[in-house]
Amino acid sequence: MERIPILKMGEYLLVTIQVDMHDRLAMTLQDDLTTRIVDARAKGVLIDISALEIVDSFIGRMLADIAAMSRVLDAETVVVGMRPAVAITLVELGLSLTGVRTALNVERGMALLRERIRERSSE
Amino acid sequence: MTVLLSDQRTVQSAEDVVAIRQAVRQRAVEMGFNLVDQTKIVTAASELARNTLQHGGGGRVTIEAVESFGRRGIRLTFEDEGPGIPDVELAMKDGFTTGGGLGLGLSGARRLSSDFSIESAPGKGTRVTITRWR
Amino acid sequence: MNEQSVLHDLVSRNEAEIVQRWIERQLGASSFRSDRISKLELSEQSRRFLSLFRQSISSGSADIHSPAWVNTRQLLEELSVSRAQQGFSPAETALFVFSLKQTLFEGLQDQLSTDPKAASVMILETDQLLDKLGLFTTEVYQRGREQVIIRQQQELMELSTPVVTLWEGVLALPVIGTLDSSRTQVVMENLLQRIVETGAAIAIIDITGVPTVDTLTAQHLLKTVAAARLMGADCIISGIRPQIAQTIVHLGVDLGSVMTKATLADAFTIALRRLGLGVTKVGAAKKRPEPEAPGRASTERAED
């Protein structure tokens with residue numbers, strides 16, 4: 001069965017979504033990610049959606065759910081690379097994904113993750 | 001309104017939903033829609049296709065290139081013989097507030113389209129038509 | 001339809017002659033504008049129209065919005081647009097179609113001279129058909145004008161919502177005028193595009209130039225803020241005039257967690273601070289030299 005690869009980079013997990021996912025694939029990703037967060041004791045998850053031309057309510061909610069689930073598992077999530085047309089459409093759709101941290105690109109996303117993790121460990 | 005091109009597809013599986021997104025995207029590109037409008041109509045199609053699959057038990061979609069008084073548009077009609085929606089207005093309002101499933105798909109699709117119409121009743125299935133004008 | 005085939009017969013058997021007579025009629029009319037359109041162009045258009053007209057009526061359909069008429073409609077659309085550009089009024093453009101009537105009626109009368117009743121039925125049908133086509137050109141003309149207006153509005157909107165880079169990483173968006181939904185689309189597209197281009201992390205939306213902020217305007221603002229946030233940029237809304245603040249409170253508008261500042265300067269200060277930047281003075285300020293009183297030595301010498 002096809003899966004979206006999850007890369008481990010130290011304490012971080014990096015997911016790059018490059019295909020137009022059908023719903024089953026999205027659910028599999030969610031499952032795989034939560035499992036890997038626990039197995040790898042990851043502190044941060046970076047999801048790169050710069051290749052996605054469409055983010056509909058299902059995918060949008062998947063991202064929000066992943067962010068919430070990882071938080072429960074004590075990891076931070078950042079979604080990066082949303083395309084302008086996608087952002088405008090999502091907002092029009094009524095989904096602003098308020099619970100999800102976002103950044104312009106992978107570099108910024110990693111910086112944000114490091115900062116957030118540092119903040120949390122000093123709490 | 002004249003129909004210039006018409007194409008029908010089944011909505012029976014998750015893979016169909018992906019194929020429909022791509023077909024609508026292609027038609028929108030051919031008709032010269034700008035990127036944001038393309039994204040909106042494809043996203044609306046995705047919402048409605050999913051609704052048809054999950055709430056309607058599967059159905060079909062007709063993708064049409066239409067023309068009305070010199071203006072071109074893309075029209076999508078999603079039909080199913082499913083259980084139907086007892087109170088459409090309520091469903092659309094609910095979806096907006098709870099952010100879940102059927103309602104959000106319908107109200108979302110409406111917001112992303114120029115024209116929106118829906119016919120549905122318990123036991124009579126559902127038909128949703130959206131149009132995006134250039 | 002039996003009647004349509006009579007018309008089709010007439011036109012296909014006498015196409016060249018009909019075109020010729022029609023062109024002559026148009027050129028001879030008092031309304032012909034030789035300064036606006038050449039004889040050659042008019043002849044060419046007439047020939048093409050009659051040919052497509054013939055093809056469309058061969059289908060037997062009198063519904064000019066059906067697929068059988070798509071090529072004829074397209075020609076009329078092109079014609080309507082070019083006539084408008086050439087300075088013709090919509091009525092003058094419609095005359096192109098209406099002037100064909102006389103020629104066709106004459107032809108039908110000749111063809112059906114032995115059956116005046118059939119002739120009058122055919123003439124009536126042809127009359128109605130050409131009326132529809134003539135009116136179609138008017139509708140296309142109307143839509144053409146609407147498109148021009150819409151395009152001009154669009155250009156005006158884009159010109160009036162520039163996105164300015166205040167500092168590296170800080171964008172400012174001074175909004176002038178009302179913020180309706182189509183304007184908001186333009187604003188969002190511009191802003192997000194600039195965020196991608198500059199990598200800005202902060203965008204200041206200044207609404208000093210927005211006359212009123214009602215619930216809808218607030219929604220549009222919040223949409224823009226939400227879209228920028230999805231691209232990783234935070235927004236600050238500045239330029240909140242006292243009246244606007246009052247309206248916002250009275251209407252119960254909820255700006256959520258968006259930071260608001262009265263002035264662009266305040267917002268800029270916050271933006272810089274967030275980026276870990278500040279403004280410092282460079283070197284000591286120089287004192288302005290005092291004019292020397294006459295007969296006075298310099299102050300140092302006074303100590304002698």
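Two residues are in contact if their C-beta atoms, placed from the backbone, lie within 7 Å.

## Basis of the model

This is a predicted model, in which local features need pLDDT of at least 70, side-chain atom pairs count only at pLDDT 80 or more, and totals for chains, interfaces and linings use all residues. Residues are numbered from 1 along each chain as its sequence is written, while chains are lettered from A and ligands numbered from 1 in the order in which they are written.

## Interface between chains A and B

In the contact between these two chains, 21 residues of chain B meet 16 residues of chain A. On the side of chain B that touches chain A, the elements giving two or more residues are α1 (14-30), α2 (35-54) and α4 (101-112) of chain B; helices (H or I, at least four residues) and strands (E, at least two) are DSSP runs, numbered from the N terminus. The most is given by α2(B), with nine residues.

By residue class, this side of chain B divides into nine nonpolar, six polar and six charged residues. Here Ala, Val, Leu, Ile, Met, Phe, Trp, Tyr, Cys and Pro count as nonpolar, Asp, Glu, Lys and Arg as charged, and the others, Gly among them, as polar.

## Interface between chains B and C

The contact between chains C and B takes eight residues from chain C and five residues from chain B. On the side of chain C, α4 (70-85) and α6 (116-159) are the elements that give two or more residues, and α6(C) gives the most, with three residues. The residues on this side of chain C comprise three nonpolar, one polar and four charged.

## Chain A

Chain A contains four helices and five strands, arranged from the N terminus on as β-β-α-β-α-β-α-β-α. Its radius of gyration, 14 Å, is close to the 14 Å that the globule rule gives for 123 residues, so chain A is as compact as a globular protein of that length. The radius is taken over C-alpha atoms, and the rule is 2.2 Å times the number of residues to the power 0.38. Along the principal axes, the C-alpha atoms of chain A fill a box of roughly 40 × 30 × 25 Å. Buried residues account for 46% of the 123 residues; a residue is buried if 20 or more other C-beta atoms lie within 10 Å of its own, exposed if 12 or fewer, and partly exposed in between, with C-beta atoms placed from the backbone. Of the contacts in chain A between residues at least 6 apart in sequence, 78% join residues at least 24 apart.

Strands β1 (residues 6-9) and β2 (residues 12-16) of chain A run antiparallel and are joined by four bridges; two strands pair if DSSP finds at least two bridges between them. A:L7 stands opposite A:L14 in β2(A). The hairpin of β1(A) and β2(A) has two residues between the strands, and A:G10 takes a positive phi near 65° there.

## Chain B

Chain B has four helices and five strands, which follow the pattern β-α-α-β-β-α-α-β-β along the sequence. The radius of gyration of chain B is 14 Å, in agreement with the value near 14 Å for a compact globule with 134 residues. The C-alpha atoms of chain B fill a box of roughly 35 × 25 × 25 Å along the principal axes. Of the 134 residues, 43% count as buried. Among contacts in chain B between residues at least 6 apart in sequence, 62% join residues at least 24 apart.

## Chain C: domains and local features

Chain C is divided into domain 1 (2-156) and domain 2 (164-274), with bounds that come from an automatic or database domain assignment. The C-alpha centres of the two domains of chain C lie 53 Å apart.

In helix α4 of chain C is C:T72, which counts as buried with 22 C-beta neighbours inside 10 Å. Not counting residues up to four places away in sequence, C:T72 touches C:L52, C:F53 and C:S56. Helix α9 (residues 242-251) of chain C has one buried residue out of 10, so this helix lies largely in the open. Just after α9(C), C:G252 takes a positive phi of about 70°.

## Nonpolar cores

A nonpolar core is a set of buried Ala, Val, Leu, Ile, Met, Phe, Trp, Tyr and Cys residues joined through C-beta atoms within 7 Å. The largest has 102 residues, and those with the most contacts inside it are A:A87, C:I195, C:A203, C:I204 and C:A228. Apart from this core lies another, of 27 residues, including C:I57, C:F96, C:L129 and C:Y141.
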